[in-house]
Amino acid sequence: PRATDRRAMSIARVLVSFIALCASASTSFAKTEPSHVILRGFDPAQASALRDATTFICESGTRTIAITSVNDDYCDCDDGTDEPGTSACAGAGEAATTKGMYCVNRGSTPTRVPSSRVNDGVCDCCDGSDEYDTAQNDGVVCENTCTKAAKARRAELVNALSAARRGVKAKAKASRYAKDDRHTMETELQDLQGQMDKAQSALEVLRAPKEQEEALEREMREKERLLEEKRAEETKSTEEEEKEKEANTDGDARDDDGARERARENDAAEDAAEETAEERGKRIAGQWISDESEST
């Protein structure tokens, strides 16, 4: 019986040791897996926060899952944020498209690729981290071109910097020339202004006698105009006086003729009073003969 008890105790010790060993192996796997699988595709800040986490909260806040469900090639979050390192959540939501897999690209510039491009056989990240599963991407192995890309980018930046420096130098040179040109132009402008002032003064000196002459000429023209008007008025007055004299002369002549006629009639009347009937007849006959001869 004692031997049986000792054997049972030994078996129990072996079982306890085996269980402890399994538990230790399980704990060790759970601790090492996040650094290799769970953290793939997250940016450094997210990866640091998830390194010792036991759960994962979807970015939409609608669900919390075990940390072991992250990057397990199964889409648990409706926004696809639990699978940045796989293509399981391709097209699952806007977050999976706008964020996707984070490429570290050491030595070059970090980038992001949509989840749909993970393990699609096309090297999107320069470090090749988006094509890690050759079983899914038809055996495609991506070369790390980050160093080449970094050198090319550095060359671009150097060229841009050189161009900027040349531009700064050219601008400074142009600025100096512009200042010199401005000073020269200001000096020339001052000289031209002085010449214009002198010319203006000379013009004023020449203009004064001319203005006096023009004023004298205008005065003489005005006097001539007034003289012509006066002459015209005198001529008109003389003509009116002559017409008036002629009219008076005609009137006087008519008055004289009438007076003579009346005198003749008076004389005739007086003579008729003194003449006889025979003499009156001879006189009237003589008048008729005289009138007829004058009319013919």
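1. Basis. The model is predicted: local features need pLDDT of at least 70, side-chain atom pairs count only at pLDDT 80 or more, and totals for chains, interfaces and linings use all residues. Residues are numbered from 1 along each chain as its sequence is written, and side-chain values use heavy atoms, with hydrogens and water left out.

2. Fold. The protein has five helices and four strands, taken as DSSP runs numbered from the N terminus (helices H or I, at least four residues; strands E, at least two). Read from the N terminus, the order of elements is α-α-β-β-α-β-β-α-α. Of the 296 residues, 17% are buried; buried means under 20% relative accessible area, exposed over 50% and partly exposed in between, with a 1.4 Å probe and protein chains only.

3. Largest pocket. Its space comes to about 250 Å³. A pocket here is an open set of points on a 1 Å grid over the protein atoms alone, where a 1.4 Å probe fits, with protein on both sides within 12 Å along at least five of seven lines; lining residues have an atom within 4 Å of a point. Points are joined across faces, edges and corners, and the volume is the space filled by probe spheres set on them. The lining consists of 13 residues, and those nearest the centre are Leu 39, Arg 40, Gly 41, Phe 42 and Val 104. At least two lining residues come from helix 2 (44-50), and at least two from strand 3 (101-103). By class, the lining has seven nonpolar, two polar and four charged residues, where Ala, Val, Leu, Ile, Met, Phe, Trp, Tyr, Cys and Pro count as nonpolar, Asp, Glu, Lys and Arg as charged, and the others, Gly among them, as polar.

4. Aromatic pair. One aromatic pair is found in the whole structure. The partners are Phe 42 and Phe 56, in a tilted arrangement with 5.9 Å between centres and 55° between planes. Rings of Phe, Tyr and Trp (its six-membered ring) pair if their centres lie within 6.5 Å; planes under 30 degrees apart count as stacked, over 60 as edge-to-face and the rest as tilted. Phe 42 is in the loop between helix 1 (2-38) and helix 2, and Phe 56 is in strand 1 (residues 55-57), so the pair ties together parts 14 residues apart in sequence. Phe 42 is buried at 7% relative accessibility, and Phe 56 is buried at 7%.

5. Charge over a ring. Arg 40, one of the residues nearest the pocket centre, has its charged end over the ring of Tyr 132, at 3.8 Å from the ring centre. The criterion is NZ of Lys or CZ of Arg within 6 Å of the ring centre and within 35 degrees of the ring normal.

6. Thr 81. This residue belongs to the loop between strand 2 (64-66) and helix 3 (94-98). Thr 81 is buried, with a relative accessible area of 12%. Its side chain makes a polar contact of 2.8 Å with the side chain of Asp 79. A polar atom of the Thr 81 side chain also lies 3.2 Å from the backbone nitrogen of Glu 59. A polar contact is a pair of N or O atoms within 3.5 Å; within protein, one must be able to donate a hydrogen and the other to accept it, and residues adjacent in sequence count only if both atoms are side-chain atoms.

7. Positive phi. Most residues other than glycine have a negative phi. Asp 73, in the loop between strand 2 and helix 3, has a positive phi near 65°. Asp 73 is partly exposed at 42% relative accessibility, and its C-alpha atom is 8.2 Å from that of Cys 89, 16 residues away along the chain. Asn 105 also has a positive phi, about 50°; Asn 105 sits in the loop between strand 3 and strand 4 (111-113) and is buried at 2% relative accessibility.

8. Other loop positions. Ala 53, in the loop between helix 2 and strand 1, is partly exposed at 24% relative accessibility. Ala 53 and Thr 68 are 15 residues apart in sequence and 9.9 Å apart, C-alpha to C-alpha. Asp 124 lies in the loop between strand 4 and helix 4 (146-274) and is partly exposed at 29% relative accessibility.
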